[in-house]
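I opened the model to look at one helix and what surrounds it. My notes follow.

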Amino acid sequence: MVGRLGVWVVRTVAGMVLLLPGAGASGQELPGGAEAITVLTSFPAAFYEPVRDAFEQAYPDRRLHVINTKTTAAITQLQDRVAKDVDLFWASAPDAFEVLKAARLLAPVTPRKTGAPATVGNQPIDDPDGLYLGFALSGYGLIWDQSYLDRHGLAAPRRWEDLRRPGYARHLGITSPSRSGTMHLMVETVLQLHGWERGWATWLEIAGNLATVTARSYGVVEGVGKGRFGIGLAIDFLGQGTRPESGPREGGEMGGRTPDNGNLRFAYPADSVFLPASVAILRTAPNPAGANLFIDFLLSPAGQALMLRPDIGRLPVRPDAYAAAPAGYPAPYAGETGDDLFLFDRALSGRRYELVNLLFDELITFRVKTLNRVWHLIHQGESRLAATPDPTARDLLRTAREAATAVPVDAAQAIDPAFSTALRRPARGMPVSARQGELEEEWRAFSQDRLETALSAAERALVILRAAAGEGVWP
């Protein structure tokens, strides 16, 4: 116990020293002659600490200084030059790297020889423009508590669209894409798979089933584990924790259990894709040589072997690393998952990164309770309509559904770089631009108006259907 406390104190004091102005900046020597390499990352300590320890053991004269923050906050800090003396950006979301690339914040980086193919499915592993490298593969999927589903008589979801089903009402938990780069990827994947309008219609109906929107990605897994809700959306390394116990299921899914709860399950949806988690060197890196050394280590056989540790649970990019994987471990190179023709457009996602985040918050994050009510009425009305057809109620429910799934930005605007140029997530305490403020106000009014329309139409349809069923009188 004392030994662990001592290690914690040393780590804490060292971290405090590194955060002092001018102390331990990248490329400078630390006490004892060690050289610091500064990494900005959204990965949790459970992931980066074993990697940092192994790197420092391999290179005793180097120290990896880790600054941990959410992906979206990291982007803002780098864009606003708040995060100074940073050598590397290290995260899961490839579109976050595209945002930094568009801002000319990344330096060219030489690909390492890993034996990896150029793509997994149709997805490039390394940036085709040579500004960031994939070091692991990430799948995005669904985590649930099987005992919770059994108690509520619910089937496990298999596709993103399954989450629209009325039976999942108040049983889902997600985080906001403005707070999580991985959630942003899941939102954007559905938008690209189904198209802008249909994709938003999918998310808006899923939102009607939400129990909550958590502050961070980790809160989704924690919420499922503690029974606050039954199903969550998560990146695989948070959802799995340990090796999957079963092989591929129908539709390309792979199931598993997390280590802390034998009732938890994780699966890749049948329409899921693997995308690379990446690392990049900042153009202003004070220690590019040290940054390159860390990338060398990360992509080496030793660094890739770390990805298989149960406490890390990532998918290496090196194909030869899987020889040491336990039975049932996901094998992204062994077969295709999702739509073989689907290519996630990183550049598009990067261009509209803030647009999607801001829209999601205005349409969903800030409207959960209203969406719960609206979709409860629509689903209830549609169920009654199937049993008691009525043309007036049918038209009202169509109006309600159209209003509840409307989005204030059309598909042409969504792909127009000029439309999204001024949209930014400001640093805490800083105001947004005048144009962004106007757009957010327009979207807020749009959402309120459409949800009021949907609510009114659904309520009127239910009155008609109840009267038709002999439960009341239609005025």
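**A covered helix**

I began with α3, which is mostly covered: eight of its nine residues are buried (under 20% relative accessible area with a 1.4 Å probe, protein chains only; over 50% is exposed, in between partly exposed). Helices here are DSSP runs of H or I with at least four residues, strands are runs of E with at least two, and both are numbered from the N terminus. This is a predicted model, in which local features need pLDDT of at least 70, side-chain atom pairs count only at pLDDT 80 or more, and totals for chains, interfaces and linings use all residues. Residues are numbered from 1 along each chain as its sequence is written, and side-chain values use heavy atoms, without hydrogens and water.

I listed the buried residues of α3: T71, T72, A73, A74, I75, T76, L78 and Q79. Their cover includes β1 (35–41), β3 (88–91), α4, α6 (181–194) and α13. Just after α3, I noted R81 with a positive phi of about 60 degrees.

**α3 against α4**

I looked up the packing of α3 (residues 71–79) with α4 (residues 94–102): the angle is about 10 degrees and the axes are 11 Å apart. That makes the two helices roughly parallel (angles under 35 degrees; over 145 is roughly antiparallel, 65 to 115 roughly perpendicular, the rest oblique). Axes are lines fitted to C-alpha atoms over the stretch in contact, and angles run from 0 to 180 degrees between N-to-C directions.

Which residues meet? From α3 come T71, I75, L78 and Q79; from α4 come A96, V99 and L100. Contact means heavy atoms within 4.5 Å. By class, I found five nonpolar, two polar and no charged residues (nonpolar: Ala, Val, Leu, Ile, Met, Phe, Trp, Tyr, Cys and Pro; charged: Asp, Glu, Lys and Arg; polar: the others, Gly among them).

**E354 in α13**

I checked E354, found in helix α13 (residues 353–363). E354 is buried, at 10% relative accessible area. Leaving aside neighbours within four places in sequence, E354 contacts L423, R424 and R425.

**Confidence**

I read a mean pLDDT of 85, with 85% of residues at 70 or more; pLDDT is the predictor's confidence in each residue, from 0 to 100. Over residues 1–26 the pLDDT is below 50, and this stretch has 22 contacts beyond near neighbours in sequence. Residues 241–259 are also below 50, with 60 such contacts. Where pLDDT is low, the predicted coordinates should not be read in detail.
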